[in-house]
Amino acid sequence: MTEIISYFENIDPVLGALYASLFTWILTAAGAALVFFFKGMNRALLDGMLGFTGGVMVAASFWSLLAPGIAMSPGEGFVKVIPAAVGFALGALFLFGLDKVLPHLHINFKESEKEGVKTPWHRTTLLVLAIALHNIPEGLAVGVLFGGVAAGIPEATIGGAVALALGIGIQNFPEGLAVSMPLRRQGVSKFKSFWYGQMSAIVEPISAVIGAVAVTFFTPILPYALAFAAGAMIFVVVEEVVPETQRDNYTDIATLGFIGGFIIMMTLDVALG
């Protein structure tokens, strides 16, 4: 891990954001590739993995984004927390808007429960778009942290950015599987199921580079940008991830998965950041 952090310290941070987000994409593809080896997936396991995803996202929102964002904000008391509060609200509102506009379907939901504008798009496309919605704030979070490093902000460290990318990559593994396996059960071919599963994370490298470049050129927005990514991630957890884990009889397993994901992400960030 020391060698990895050292490598990222010696390359352009925007390029580092791209590499880190490509890593998270690769792990999504690895999870989706399990469709070539298994015919189905236990429902309890899926709910546990989705809970794990939520735990990672919540922990990352605080430890990797909000805490450093508040620490680097000027002023004291209420003034110091204003950038975090404003950015958090804007991030949540941004995802709220996307949620209302982008057609998508939650993993455990019926086709009649699809959200966003009305569309004739196939269930397959809607499932992929639902996970893509999860991944937008994750890519932004990685990019914004690397952008902070490029801007020379002390609170934004390569170690913290690598820890965030590692945590998001770990939770992307089950997300890829959560897309590919249901598609396979619906009769989609193995290759197409894998293809759609890995494509759900294509937005991460794109949003990571956008976030890194934006912060590099507009350094004063960094506290707002960190909180923006956190607000978007928390919105996804509450609006998308948690409801997906509450549709079956495995809510306890999902809760334990959430706790495990939170602990792992917190440990990574504190140990490496």
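Here is a walk through the fold, from the whole chain down to two of its residues.

What you're looking at is a predicted model, in which local features need pLDDT of at least 70, side-chain atom pairs count only at pLDDT 80 or more, and totals for chains, interfaces and linings use all residues. Residues are numbered from 1 along each chain as its sequence is written, and side-chain values use heavy atoms, with hydrogens and water left out.

Start with the secondary structure. The protein chain has 10 helices and zero strands, and reading along the sequence gives α-α-α-α-α-α-α-α-α-α. Helices here are DSSP runs of H or I with at least four residues, strands are runs of E with at least two, and both are numbered from the N terminus.

Now the overall shape. The C-alpha trace spans about 55 × 40 × 35 Å along its principal axes. Of the 273 residues, 52% are buried, meaning under 20% relative accessible area with a 1.4 Å probe, protein chains only. As for contacts (heavy atoms within 4.5 Å), take those between residues at least 6 apart in sequence: 81% of them join residues at least 24 apart.

Next, the surface. The protein chain exposes about 11700 Å², and carbon and sulfur atoms supply 72% of that; the areas come from the Shrake-Rupley method with a 1.4 Å probe.

Let's zoom in on Ser64, which is in helix 3 (residues 43–71). Ser64 counts as buried because its relative accessibility is 2%. The side chain of Ser64 makes a polar contact of 2.6 Å with that of Asp269. A polar contact is a pair of N or O atoms within 3.5 Å; within protein, one must be able to donate a hydrogen and the other to accept it, and residues adjacent in sequence count only if both atoms are side-chain atoms. Leaving aside neighbours within four places in sequence, Ser64 also has Ala59, Leu145, Leu164, Leu226 and Met265 among its contacts.

Finally, there's Ala141 in helix 5 (residues 123–150). With 0% relative accessibility, Ala141 counts as buried. Not counting residues up to four places away in sequence, Ala141 touches Leu65, Leu164, Ala229 and Met233. Leu164 turns up again here, having been listed for Ser64 as well. Ile82, on the other hand, is 59 residues from Ala141 in sequence and 19 Å away in space, C-alpha to C-alpha.

Key
Buried < 20%, exposed > 50% of the residue type's maximum accessible area, 1.4 Å probe, protein only.
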